[in-house]
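Let's take a friendly walk around a protein model. Keep the picture in view while you read, and look for each spot as it comes up.

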Amino acid sequence: MPEAGVLIVGAGSAGPGIARTLEDTGRGGRVVLDLSGGPDPVSCDFDETADRWRVRTARGEVHRPRLLVAGPATAVPIPGRGGASLEEAARGEQAAYLGIARSGFPNLFLVTDEHAAEQAGHIRTCLAMMAAEEATRIEVRAGAQREFNRIVRRSPTRSRWRSRPRALRGPERSAFELGNADEREDDDAYAGAAVLTADEVALTVQVHLNGHFEPLDGNYHWYGRIAGSGLTELKRRGRSALHLTIAEGPATPATLAEQDPWGNYRITGVGPPPYPLERVQVAAVRPQQGSGGTLCSKRNTFSGS
């Protein structure tokens, strides 16, 4: 059986209709697999290097779809960039863009019971965008999600899905970041050996780490994968404080998150990372006289280490 390009989970009776909509893309179709009727997924995570999801079912099957479509009955936690789960993101103030996409969750689309047919059409438009640019990854921009929420709050409830504002009519190319795994350089900020400690226990591990500055909370968020013996026992301790150390660097507070189908764990942290950050230039912004605009000039350098 060909590898699924799109995997649908938790969509219930709407699953077959969504699958039919996404199969007919005008480019000879694509393999769409609907698991909404079972077997239920028991774990999933996104492979940043291959731009594919890894979904393991209760039967032990492992699927690696390019895109994951999750309905309201999805029970398995879905992790996003930085370690936050989809459930945690849904409890925030920002609703999903057009109800189908959240910033920080690449190659993931959402559907609801009430608007599944319309949302499937939106997702189909996104697939066409990807096909046109030969992209392997798609993710809604944080700014587009915020703008969508701003317009929704100003619009009557009845117009949320059939609104007059253009930003609510359907997906726009400018709202998404698209990329291709084959054209992307290895973007690990650090890959190699490290030491994970908890109380008197110290484990030698291998990590692949990256991070980004999050303007919403003003903190640096780092995250990645960690492999090594003894991790499961360490995670079971639960309350023990964890610290990750790289070479002669500082012992950095860390959290072990979900386990993937291969037995490795996701590790996350907030604040200065355990690896050194590259020095970056900071621009000083000052008002431009007579025009109401701004001028930027390089002023100094900043290092997050």
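## The largest pocket

Start with the lining of the largest pocket: by class, it has 7 nonpolar, 10 polar and 8 charged residues. Here Ala, Val, Leu, Ile, Met, Phe, Trp, Tyr, Cys and Pro count as nonpolar, Asp, Glu, Lys and Arg as charged, and the others, Gly among them, as polar. The volume of this pocket is about 800 Å³. Out of 25 lining residues, Arg81, Ser103, Gly104, Glu214 and Leu216 are the closest to the centre. Two or more lining residues come from each of H2, helix H4 (142-154) and S11.

What counts as a pocket here? On a 1 Å grid over the protein atoms alone, a pocket is an open set of points where a 1.4 Å probe fits, with protein on both sides within 12 Å along at least five of seven lines, and lining residues have an atom within 4 Å of a point. The volume is the space filled by probe spheres set on the points, which are joined across faces, edges and corners.

## What you're looking at

This is a predicted model, so to speak of local features pLDDT must be at least 70, and side-chain atom pairs count only at pLDDT 80 or more, while totals for chains, interfaces and linings use all residues. Residues are numbered from 1 along each chain as its sequence is written, and side-chain values use heavy atoms, with hydrogens and water left out.

The protein chain has 5 helices and 17 strands; these are DSSP runs (helices: H or I, at least four residues; strands: E, at least two), numbered from the N terminus. Of its 305 residues, 44% count as buried, where buried means under 20% relative accessible area, exposed over 50%, and partly exposed in between (1.4 Å probe, protein chains only). Among contacts (heavy atoms within 4.5 Å) with a separation of 6 or more, 59% are between residues 24 or more positions apart.

## One face of helix H1

Which residues of helix H1 (residues 15-23) are buried? They are Gly15, Ile18, Ala19 and Leu22. Seen down the axis of H1, these buried residues fall within an arc of 100°, so they line one face of the helix. That arc is taken from the directions from the helix axis to the C-beta atoms. Their packing partners are strand S1 (6-9), strand S2 (32-34), strand S6 (67-70) and helix H3 (116-133).

## Two loop residues with positive phi

Asparagine 107 isn't a glycine, yet it has a positive phi of about 55°. Look for asparagine 107 in the loop between helix H2 (86-90) and strand S7 (108-110). Aspartate 199 isn't a glycine either, and has a positive phi of about 55°. Aspartate 199 belongs to the loop between strand S10 (190-198) and strand S11 (201-214).

Are they buried or exposed? Asparagine 107 counts as buried, at 0% relative accessibility, whereas aspartate 199 counts as exposed, at 59%.

Arginine 102 is in the loop between H2 and S7, and counts as buried at 10% relative accessibility. Its side chain reaches the backbone oxygen of alanine 89 at 3.5 Å. Leaving out residues up to four places away in sequence, arginine 102 touches several others, including Leu86, Leu110, Val140 and Gln145.

Proline 39 is in the loop between S2 and strand S3 (41-47). Proline 39 and arginine 59 are 20 residues apart in sequence and 6.8 Å apart in space, C-alpha to C-alpha.

Terms used. Polar contact = N/O pair within 3.5 Å; in protein donor to acceptor, adjacent residues only side chain to side chain.
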